[in-house]
Amino acid sequence: MFRHFLTLQQVSRRQISSTVRRQLVNKVPDKQKLFQESNGMPVHLKGGVGDAVLYRATMGLTVLGTAYVIYELVKAALPQKKD
Amino acid sequence: MAHQAHAYHMVDPSPWPLTGAIAALLMTSGLAIWFHFHSTTLMTLGLILLLLTMYQWWRDIIREGTFQGHHTPPVQKGLRYGMILFITSEVFFFLGFFWAFYHSSLAPTPELGGCWPPTGITPLDPFEVPLLNTAVLLASGVTVTWAHHSIMEGERKQAIQSLALTILLGLYFTALQAMEYYEAPFTIADGVYGSTFFVATGFHGLHVIIGSTFLAVCLLRQIQYHFTSEHHFGFEAAAWYWHFVDVVWLFLYVSIYWWGS
């Protein structure tokens with residue numbers, strides 16, 4: 001959310017006060033432009049690099065988790081007796 | 001998106017139903033593994049996956065609605081039906097626990113001493129913290145309605161204040177209930193009284209936390225200008241859920257805390 005604070009050319013009306021909370025500028029039009037761009041990206045990746053990183057992390061955990069649960073369930077179903 | 005000849009929403013392919021299903025598998029299997037083999041790794045992994053799925057799925061819905069304009073009137077109607085049906089299913093969920101409570105309390109067995117509350121149980125005084133909790137939730141119902149009217153009238157600052165107050169009241173309820181749980185003279189293991197009390201009020205408390213979280217997301221969205229005076233269904237859904245949580249508490253208070261003492 002705070003990445004866009006660097007685009008100073010768009011914030012001519014915004015006042016930054018050191019004593020008062022910063023006035024939030026309406027970024028919805030910018031978001032609308034970003035997510036309506038005709039680039040063929042699906043909505044879950046359309047936000048940028050951060051989306052792809054989060055997606056890969058989630059899918060990685062999904063695949064690892066699936067393997068782990070099969071391993072644990074097989075281990076639970078076929079106990080190895082210790083002598 | 002400008003090329004469709006209808007007002008409905010054909011969603012992009014999404015990985016979140018799969019990750020959500022795997023999360024459910026990991027949480028349930030993880031629960032069994034925890035019970036039998038004392039390891040919480042699988043269950044924790046499932047929980048993390050569930051949180052990631054919920055965050056990204058709902059983030060995408062906000063993108064589709066607020067940023068891409070897919071939530072046309074017919075689509076919004078479907079979302080309304082969906083939320084109503086979900087809340088109805090939750091009503092039935094709680095109905096089961098109320099059934100269990102009334103089954104045990106209307107005809108107390110000899111093992112309990114033939115009375116309700118059972119012999120040996122000192123119930124909480126319904127006119128102390130539970131009454132305060134009732135006032136807190138009723139007040140939060142007023143503040144959430146104030147927030148709705150503020151949004152509809154374009155009063156940005158009032159909407160933010162009343163929504164924040166609603167959330168604070170929800171957190172106050174949760175804190176009070178946590179303290180009550182800690183100080184209670186009986187536990188969940190104290191027969192059917194303890195079971196019905198803590199399972200019913202416990203699930204209710206979980207729903208208060210879920211509802212407070214939903215409202216907090218709405219607060220963030222209101223601050224970021226997502227809601228317009230005509231279109232703010234996310235907030236309405238959160239408000240409906242909050243009223244449902246309030247009504248469940250009223251039934252809990254009258255049945256378990258008051259009549260049940």
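Here are some questions and answers on chain B.

Guide: This is a predicted model, so local features need pLDDT of at least 70, side-chain atom pairs count only at pLDDT 80 or more, and totals for chains, interfaces and linings use all residues. Residues are numbered from 1 along each chain as written, chains are lettered from A and ligands numbered from 1 in written order, and side-chain values use heavy atoms, leaving out hydrogens and water.

Visitor: How do H6(B) and H7(B) run relative to each other?
Guide: Helices here are DSSP runs (H or I, at least four residues). The axes of H6 (residues 191-223) and H7 (residues 233-259) of chain B come within 9 Å and cross at roughly 160°; axes are lines fitted to C-alpha atoms over the stretch in contact, with angles from 0 to 180 degrees between N-to-C directions. Angles over 145 degrees count as roughly antiparallel, so H6(B) and H7(B) are roughly antiparallel.

Visitor: What about B:His38, buried or exposed?
Guide: B:His38 is in the loop between H1 (16-37) and H2 (41-67) of chain B, and has a positive phi of about 60°. Its relative accessibility is 69%, so B:His38 counts as exposed.

Methods: Helices (H or I, at least four residues) and strands (E, at least two) are DSSP runs, numbered from the N terminus. Angles under 35 degrees count as roughly parallel, over 145 as roughly antiparallel, 65 to 115 as roughly perpendicular and the rest as oblique. Buried means under 20% relative accessible area, exposed over 50%, partly exposed in between (1.4 Å probe, protein chains only).
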